[in-house]
Amino acid sequence: MSSNASSGFGYEEPLLFERSRPGRRGAEVPAPDVPPADVARLLGPLARTDLPGLPEVSEVDVVRHFTRMSTWNAAVDLGLYPLGSCTMKYNPKLNERVARLPGFAAAHPFSPAERVQGLLALFYGLEQLLAEISGMDRVTLQPAAGAQGELAGIMMIRAYYEARGEKRTRVLVPDSAHGTNPASAALNAYEVVSVASGADGILHPAAVAAAMDARVAALMITNPNTLGLFERHIKEICEIVHARGGLVYGDGANLNALLGVARPGDMGIDVMHMNLHKTFSTPHGGGGPGAGPVAVKELLAPHLPVPVVVRRSDGGFVWESELPGTIGRLHGQHGNVGMLVRAYTYILSLGREGLLRCSEMAVLNANYLLARLAGEFHVPYPGTVMHECVLSDRNFAPYGVTTMDVAKRLIDHGYHPPTIYFPLIVPGALMIEPTESESLEGLDRFAEALLAIAAEAQSDPETVRSAPHRTRLRRLDETLAARKPVLRWQSDDASR
Amino acid sequence: MLVRCGHDRLEQLFAPIPAALRLARALEVPAAQSEQEVFEHLAALAARNEHAQAGPWFLGAGSYAHYLPSAVDALVSRAEFTTSYTPYQPEISQGTLQAIFEWQTMICALTGLEVANASMYDGASATAEAVLMAMRVTRRRKVALAAGLHPHYRQVLETYLAGLGAETVTLPLSSDGRSTLSPEALDRETACCVVQQPSFFGSVEELRAGAAAAHAHGALLVVSVAEALSLALLEAPGALGADIVCGEAQSFGVPISFGGPHVGFLAARLAHVRQLPGRLAGQTLDADGRRGFVLTLSTREQHIRRERATSNICTNQGLCLLMATIYLALLGRRGLRELAELNLAKAEYAKARVRTSAGLRLPFTAPTFNEFVIGLAEPAAGALARARSAGVVAGLDLAPYAPALGPAILFCATELASRESIDRAIALLAGDAA
């Protein structure tokens, strides 16, 4: 078997609460240089007496606990992490260092603008860069993740119609869309209408025209879509939506295919979000923080969230909060600023040539993997893809091997599985996004692992079905977790 | 590679993009720069920002300056945490999943509730999501907001509610600095009453009264906590009748970072778990019967339920919740309590200095934690500027947020404030420092 990992030290580690011993602590608090507080006098019954739910562990305990747990994680810095539509690219170390500079990490959101001009200049500069890359006019950096960006974008669309005195109630969402799209529309009380993709996996003008009427506020579209296919009718589709008074929302989750190649703003998109944790290399952090800036065309600029950063004629920067058409404030402060600092650093490092090269290599890598895997794996929508490709488990049906089994067996080879069972329009989908970070040799090894599993699905399907075999824990029972939810540790469990 | 793809030029890979849509020019983005050049540019930008490590700092208002133990950043910097993603594949994400489970357990302990999710974006969006949850649970659309709710939390909530036909009413501020939490302002249409604890003005609210008022009308009590360290000292809101406790856990080891990334939390009663937004980690067994953790009850979430999900949230604040979990483990049961008492002591010392300073006053009598309002005899902007020119950031000018108070600032003293720096800040505010 080809392998990307061998069995090494496999540490066990209990929960913090099970490690707890009375009297231990991992951090000392300074001795007071002021009179101690008389809690009983000051707070009386408003005070609590103890924190019995917190552990008592030493610093070494804590360090070993989390270090051991970290070894149970797959990560980009350990190897290929081909989650489709998540763009798990390498996260340069410079970005981490820069974000930790005290002038960024210890800056306070309530400092007056004139005291934080470096940050406002960075905001302004990043907005300009993202506007140029996306082909849009204005940018807000406030949304904390892609889904909050979608929410902001749909809110701006709603505000736009309200300002025009138009009542529109529907949002069109292709059947291949991310789940966040319909959920974001629903949070704005829009009725979600699903539009079917064509047999070739892309959206066709006729389908949009049939669903498009004066009730429709917007079409939400991901381009390249979640099959990795470029929506080549995008311009005509946007024209159809615009002709009937609608707007087009672009889900920028897959922007990594287009940097310097093509711009959503030039295709007719009116508003879009970008995921800085995908395209612009800010680390995914085990599930965030991300950042989801939203770019708009001029017609939606009056509705941007506040505050917006404004450049004065003397070159200084100020916050502007008085925007009559604004949707309001979306984040407690200015968004996930640490992520903005990292993304700005990344864009300056790559420069215009680097951005283009990044997309070229991402697209080349995805097509190369597709070429190596097609045949052994069923390809539901053949053709040239952009930054990701989608396979399915159809070929393995005779052997009773599913996409879940393939994914779990891939873990035995030392790889994080691709996104599975998405998009929903492909039964048993395996959605693979290698990103530009992988070398030819790395892609070959990964392809060989998948091909070995494809062969094994025929020769020894049971081994595939019962994978993973080489992990610390075997396949986990998700049904049990949902049927009898245990969502926190309780001391009763310890005695069992 | 290209040949294997059936092409001979890279450009052919982009053939699916119609020529008319291709960008015919280079992006107007600066040329690539070396690491050193980029670092120098960013360091120069960083140097143009005032920050909480540069000198005495008494500005909080939702983003708090606390000491960050070295182990927190050392551990979260491990690439296995930093460069992984949402734990969709539990067998190779147990580190992240177990940490989330530990976070959920500690948030439950601090809030006095039974279930906590795997984080929200920040305290403001957590509060908005808590209100949406209360509206789903009660199927009502009216929301009562305590006067002491952080003005930015209120604004974010209003943004989230704008399209949903919800109505908000504000409960007035009483003269002692607490919010008026009486049942008269609520009715049978009220989904929830939202109370910040301690309030934006630092006042410790009477949550029992809030719970009684809400429950009298079948509404929920939502308690929003902007300074999470206060939970170590104040009675758990869940024990006082709160149904949902949400807020901001930045104080637990997360850098201020100009307001984000921070880490929102949201805890509730188990009976309402099906209406909870966001991800949840749960305990289960593997094929060999060994304990492990998975994301669970996902049928609430957008990737399964789509437009009928409880929220649209997907990516949350994973690495920040890990920071907070490590921080809480380090401080632990006794350390966190001691730290909270030290914060209280510093603030009380500062209050005592205010009481003896001519020209300064304490407009409110309600108990406080580490933050309180100081009334001034002159416009706050001038007093704060005077302090800044002496190197002291002495608080937040409340003029934009509570003009009725007259000249006033919000002053926060954490464990980072030395006695001498407090003396100096109060003297500067009073205008009697050299």
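**Exercise 1.** What percentage of the 496 residues of chain A count as buried?

*Solution.* This is a predicted model, in which local features need pLDDT of at least 70 and side-chain atom pairs count only at pLDDT 80 or more, while totals for chains, interfaces and linings use all residues. Residues are numbered from 1 along each chain as its sequence is written, and chains are lettered from A and ligands numbered from 1 in the order in which they are written. Start with the term: a residue is buried if 20 or more other C-beta atoms, placed from the backbone, lie within 10 Å of its own. Chain A then comes out at 59% buried.

**Exercise 2.** Find out whether the radius of gyration of chain A agrees with that of a compact globule.

*Solution.* For 496 residues the rule gives a value near 23 Å, and chain A has 25 Å, so the two agree.

**Exercise 3.** Which helix of chain B gives the most to the side that touches chain A?

*Solution.* Across the two chains, 150 residues of chain B are in contact with 162 residues of chain A. Helix α9 (residues 318-355) of chain B gives the most to its side, with 24 residues; helices here are DSSP runs of H or I with at least four residues, numbered from the N terminus.

Definitions and conventions:
Contact = placed C-beta atoms within 7 Å. Helix = DSSP H or I, 4+ residues; strand = E, 2+ residues; numbered from the N terminus. Rg over C-alpha atoms; globule rule 2.2 N^0.38 Å. Buried ≥ 20, exposed ≤ 12 C-beta atoms within 10 Å, placed from the backbone.
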